[in-house]
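Please look over the model shown below before reading the notes, which are grouped by topic for use beside the sequence.

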Amino acid sequence: MSADRARSALVASLVRDGRVRSPAVRAALETVPRHLFLPGLSHGRAYDDAAVPIKVDDGVTVSSVSQPSMVAIMLEQLEAGPGQHVLEVGAGAGWNAALLARLVGPDGAVTTLDIDDDLVAGARANLAAAGYDHVTVVTGDGALGYPPAAPYDRIELTVGSTGIRPEWVEQLAPGGRLLLPLTVRGSQLSVAFDHTAPGRLSSRSVRSCAFVRLRGAGADPGAEIALPGDGWRVQPACPDGGPDDGTDGTDGTAAVLVRAVAGEGTDRPAAAAGSGADLWDGLGLWCALADPGTVRLFGPATGPGPALFDLGRARAGLGLVAGEGCALLLADPPATVRSCGPDGGTAAARLTALVEGWVAAGRPHAADLRIEAVVPSLAPTADAAAAELVATAGTELVDTAGTRLAVRWEPG
Ligand SMILES: C[S@@+](CC[C@H](N)C(=O)[O-])C[C@H]1O[C@@H](n2cnc3c(N)ncnc32)[C@H](O)[C@@H]1O
């Protein structure tokens, strides 16, 4: 198949699925030749709706050409327009930078950063081959932004962050937009923030996403805990909310979780279990925002263990730890909550109520979230502003690296 035909077919499917909505994003995707950013791949594969890893270190993907549907979703969130100045953090092979260049046109300017020299060299070569050599490609740690070309009308990260760096907000023009994959209580969310006042951001749109994480000064190793035994791991939603190894003669909730995973405990019906995607987007996000004891569990794809969601290379599920007990949500119909340990009943009651609350609220997901952000170092009245935000019923205050978030659900 010719590259042009493969590209048209891909864009048509993104329009059909509602990923592409605006004529500008459609024209950009129809024009920029993605295959020139993936030299060596067949046209068929270059125009699959899939991310393509381009750099792997120690078995871990550190760079990829992003999935077209995700790129389209984010460009719709960004709303970059003619004449604007844009900073991208995470150049990769340069494909999204070319799309941005197309969106801002000849009167705009795009600067893209990557932390690795070899990726920057590749991106420069690809952009030149595709006719976008007016994009400025710089090696640098995007955590610091890029002051020489600031202020920017738009800053887009195509790499995940656990916080909002003051540098990005400082380098954003008043009324500008910051779009980034931001980890909130363990869920990575693509959040488009408008810059409403010094140090203050307000979300325009939120979507679910999954990006490789920032390296360098903004890196965060995450808080994953390996359970003893059969290769199960736990990700606490809050850094200090996960299972413990036990004190004062107790077994600890890590050991209780291992027993629950092995089948021990009391099972009771649950209102719903959601889907695998809901672990991060819907139910999992709902639980993580409401209860700091929420955990996500990951285990081997096969072997002993409970009926959690099959993610292909792993099983994953939702749980909650409380006191000396835990509860697990089992996905096999009928949906079930299993409790284990001396405080298992408390954990199960909390998890059961959360599931019921999520169902009663109409099963909201990431797109139903509203987030206000305060970067305390840039907002002189940060404490007062945050207090005012949390005073609203149903608003959760979430402290992430360098940022205070006020998060609330607004379904519908
Ligand atoms: C998902 S890839 C980017 C995809 C790309 N924008 C595209 O068009 O497909 C994420 C990129 O972020 C880069 N990265 C990671 N940490 C970074 C940092 N601190 N500063 C700049 N780039 C970084 C990685 O090297 C990787 O190339």
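A nonpolar core is a set of buried Ala, Val, Leu, Ile, Met, Phe, Trp, Tyr and Cys residues joined through side-chain atoms within 4.5 Å, where buried means under 20% relative accessible area, exposed over 50%, and partly exposed in between, with a 1.4 Å probe and protein chains only. This is a predicted model, in which local features need pLDDT of at least 70 and side-chain atom pairs count only at pLDDT 80 or more, while totals for chains, interfaces and linings use all residues. Residues are numbered from 1 along each chain as its sequence is written, and side-chain values use heavy atoms, with hydrogens and water left out.

**Nonpolar cores**

- The largest nonpolar core has 57 residues, and those with the most contacts inside it are I164, L178, F193, L329 and L405.
- Helix α10 (residues 344–360) gives the most to this core, with six residues; helices (H or I, at least four residues) and strands (E, at least two) are DSSP runs, numbered from the N terminus.
- A second, separate core of 47 residues includes A6, F37, L75 and L103.
- Leaving aside neighbours within four places in sequence, L405 is in contact (heavy atoms within 4.5 Å) with residues including I164, L182, V184, I371 and the acidic E372.

**Ligand surroundings**

- A polar contact is a pair of N or O atoms within 3.5 Å; a polar side-chain atom of R215 lies 2.6 Å from an oxygen atom of the ligand, and a polar side-chain atom of D141 lies 2.9 Å from a nitrogen atom of the ligand.
- A backbone N or O atom of G92 lies 3.5 Å from an oxygen atom of the ligand.
- The protein covers 99% of the 600 Å² of accessible area that the ligand has on its own, as computed by the Shrake-Rupley method with a 1.4 Å probe.

**Backbone geometry**

- Most residues other than glycine have a negative phi, and most peptide bonds are trans.
- A cis peptide bond, with omega about 0°, joins A150 and P151, and P151 lies in the loop between β5 (136–139) and β6 (152–157).
- D58, in the loop between β1 (52–57) and β2, has a positive phi near 50° and is exposed, with a relative accessible area of 81%.
- R185, in the loop between β7 (172–184) and β8 (187–197), also has a positive phi, of about 50°, but counts as buried at 14% relative accessibility.

Conventions. Polar contact = N/O pair within 3.5 Å; in protein donor to acceptor, adjacent residues only side chain to side chain.
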